[in-house]
Amino acid sequence: MTKTDIYGVMAEFDNPTALVNAARAAREKGFRKLDAYTPFPIEELTDALHLHKNKLPLIVLVGGIIGGILGYLLQYYVTVWHFPLNIDGKPLHSWPSYIVITFEMTVLCAGLSAVFGLLALCGLPQPYHPTFNVPRFALASRNRFFLCIEATDPLFDRKHTSEFLETLEPKEVSEVAH
Amino acid sequence: MAEEQDLLERPERPEIIAPGYTFGTVTDQISAVVLTKKTPIFWTACFGVGFALLLLFLWSVVLLFAKGVGIWGIRPPVMWGFAITNFVWWIGIGHAGTLISAILLLLNQRWRNSINRFAEAMTLFAVACAGMFPVLHLGRPWLAFWLFPYPNTMAIQPNFRSPLVWDVFAVSTYATISALFWYVGLMPDLATLRDRTTSRFARFTYGIMAMGWRGSARHWSVYETASLLLAGLATPLVLSVHTVVSFDFTIAIVPGWHSTFFPPYFVAGAIYCGFAMVLALAIPLRSVYGLKGLITDKHLDNCGKIMLATGLIVAYAYLMEIFTAWYTANVYEHEAIWHRMFGPYASSYWSLVMCNIIAPQFLWFKKIRGNPVLLFIWAVIVLVGMWLERFVIIVSSLAQDYMPSSWGLFHATRWDWATYLGTIGLFMFLFFLFIRVLPMISIFEVRTLLPQAKVEEEEAPR
């Protein structure tokens, strides 16, 4: 196993089926540090790369709960403690009228956590990434499908991994410089 | 049994977009609208009209700031007038965008993929127009921040028991979530534009806006979760927004306002006129930009059907309004409806019945739904009808309530009209700017509609 100074090797495919089959083959071969790049989400690919779990639902749930609690407490604090208005002796803690704003704050905070959680989990914004060094990679946002085996994978070998990718019948295999 | 088998093996429904598209041609066609140096005359004309009306808006707003809300026709007892009519109308238009992007996503209606982007943009700009009115109507618009709870030396806070304050929270949350949802949807397409443009400036700008999106499968997996969650959040949100708007009326004790069926009635009306706006925008756009293969007659047909369905709900609400007024045995409710139908605003009332109940019945016919020009005209009729509906609800109820001695009619001034037309200008200005610089159809979602996007699984050995 020779250490290399590249990011990885990348194979280009021209249809989603070929990419999914290639991803499965690479997993079967034992590669774990791999990623695929596609112009649109492909459900089968998520299965093939075993990517199912992510923490976003949890982040959104926590965000929503915090938002709801803050929304309710804000109204409780203002109407009961900070600025109490006695109207006809009606209760100061008038919870039914708090529901709307509590709901809105829940949705607002959950939505904000969904978006910022998405960015955080994806490590975005990230203006530079080694894959952008591959000239044909611009097509990953148009009509080409890429599979990249990264150099950090224990099984990675510059020569052998390229040869393995060639066996998957790609359009082209290229090295990804750092 | 044999028949059942046939049903199960029925071929899938025909593709939504026209045959012959590939990933490449879809991408090129949609991004060409943005990346070309040529601008169609249609665009320049519409943008010009929008810009001219925007200047009219600025003019009337400057005058409003200088002289106060007296330049409008609002006089006691009708203090809500055009401003709140326009607010409710614009907010309603926005609702169709969220319905298309969120509710139809949850319901797995894949045809929405080619109209959701510009429908969301429509939402965003309609909410921007709507948000103007309550603020301009405040009398002292420069103190609009008093609507929000913030620590201040006056030690006063908004009244959280008031639906008007709920509205502030509902509309600002709606605007924020719509903007975020729209931006998240744009990210992959911004990356496409970044990769396709030849101009350095455009590549830099789109690159910054795309945040380095590279279509990684890991990202897509989180992205799909995020879209679903945002759709799940936006769905109750959109229903809550017009519900809260209707609370502005129902919680008041004004006859003709104080009723429990307002929330569903308002939400249905909102979706009704929102879809009318979607059609009014989609029909000219698809023919000017040659996008009939992506926004097909099937889309227009579906939008027409939704308009018909929500129109029937609205018609039912009008009937219920009359029925409940009679059933309450309340003389003031009786009179409110009577005045609405035969009083000084009768002409508005019967016009809205024509526009909102009679006219849409023609949408039962496939010939009308299949003819884009007629459908466009019908959409405009519904937009006018829904504006009249809000006008009649607001003005006729306020003009004649309990005490005949305090009755008074509303007469719109030229500045009422100028402000209203001005926000139409603002909407057109923003919308056509959007058409020019961002992809109006979601490129990556249309790619998923193509037959070749399907992964062909090898038959498992039996």
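**Salt bridges and the A–B interface**

In this predicted model, A:Arg144 forms a salt bridge with A:Glu12, with the closest N and O atoms 2.9 Å apart; a salt bridge here is a side-chain nitrogen of Lys or Arg within 4 Å of a carboxyl oxygen of Asp or Glu. Because A:Arg144 lies in the loop between H4 and strand S3 (145-150) of chain A, and A:Glu12 in strand S1 (residues 6-13) of chain A, the pair ties together parts that are 132 residues apart in sequence. Both A:Arg144 and A:Glu12 are buried, where buried means under 20% relative accessible area, exposed over 50%, and partly exposed in between (1.4 Å probe, protein chains only). Helices (H or I, at least four residues) and strands (E, at least two) are DSSP runs, numbered from the N terminus.

Residues are numbered from 1 along each chain as its sequence is written, and chains are lettered from A in the order in which they are written. As the model is predicted, local features need pLDDT of at least 70, side-chain atom pairs count only at pLDDT 80 or more, and totals for chains, interfaces and linings use all residues, while side-chain values use heavy atoms, with hydrogens and water left out.

The contact (heavy atoms within 4.5 Å) takes 63 residues from chain A and 60 residues from chain B. Across the interface of chain A and chain B, 2 salt bridges are found. B:Arg218 forms a salt bridge with A:Asp35, the closest N and O atoms being 3.7 Å apart. At 36% relative accessibility B:Arg218 counts as partly exposed, whereas A:Asp35, at 3%, counts as buried.
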